[in-house]
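Dear colleague,

Please find the structure below, followed by some notes on what turned up in it.

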Amino acid sequence: MLLVVVLALLLGFLVAFVLMTPRHRKTGYEGKAQFNLNNDKASKSYSRTEVSLHNKRTDCWIIIENKVYDVTSYVEEHPGGDAILAHAGDDSTEGFFGPQHATRVFDMIEDFYIGDLEH
């Protein structure tokens, strides 16, 4: 009887853990899965055409050094205002590495990483 109770508790904890684990947000396009050796996690590949479709305030992707970032949730918080939208859906590498950015943006941008640009 004690064994049944212990197993039931373990099962309950397992179910609670699975239900509380955050789900990854869907991007609307499920690109090709590939393994990214730079950060040891699965990533997707996107074409320039696919990225270009995400070019507005409410759906904003950018490319920085051939990596794709979904910065939609950051657009309203961007200290440079709408400057982030100047290259929405396009390559933002030059602007990203401009003198206006503090070094912390280099760590911060990784939170928005969604995949690599197809070659």
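Strand 4 and strand 5 form a hairpin with two residues between them, and glutamate 65 in the turn has a positive phi of about 50°; strands here are DSSP runs of E, at least two residues long, numbered from the N terminus. This is a predicted model, in which local features need pLDDT of at least 70 and side-chain atom pairs count only at pLDDT 80 or more, while totals for chains, interfaces and linings use all residues. Residues are numbered from 1 along each chain as its sequence is written, and side-chain values use heavy atoms, with hydrogens and water left out.

Strand 4 (residues 59–64) runs antiparallel to strand 5 and is joined to it by four bridges, where pairing requires that DSSP finds at least two bridges between two strands. Within this pairing, tryptophan 61 stands opposite aspartate 70. Strand 5 also pairs in the antiparallel sense with strand 6 (residues 113–117), over three bridges, and there lysine 67 has aspartate 116 as its bridge partner.

From strand 5 (residues 67–70), Lys67 and Tyr69 point one way and Val68 and Asp70 the other, and all are buried, which means under 20% relative accessible area, against over 50% for exposed and in between for partly exposed, with a 1.4 Å probe and protein chains only. Lysine 67 also lies over the face of tyrosine 113, at 5.5 Å from the ring centre; the criterion is NZ of Lys or CZ of Arg within 6 Å of the ring centre and within 35 degrees of the ring normal.
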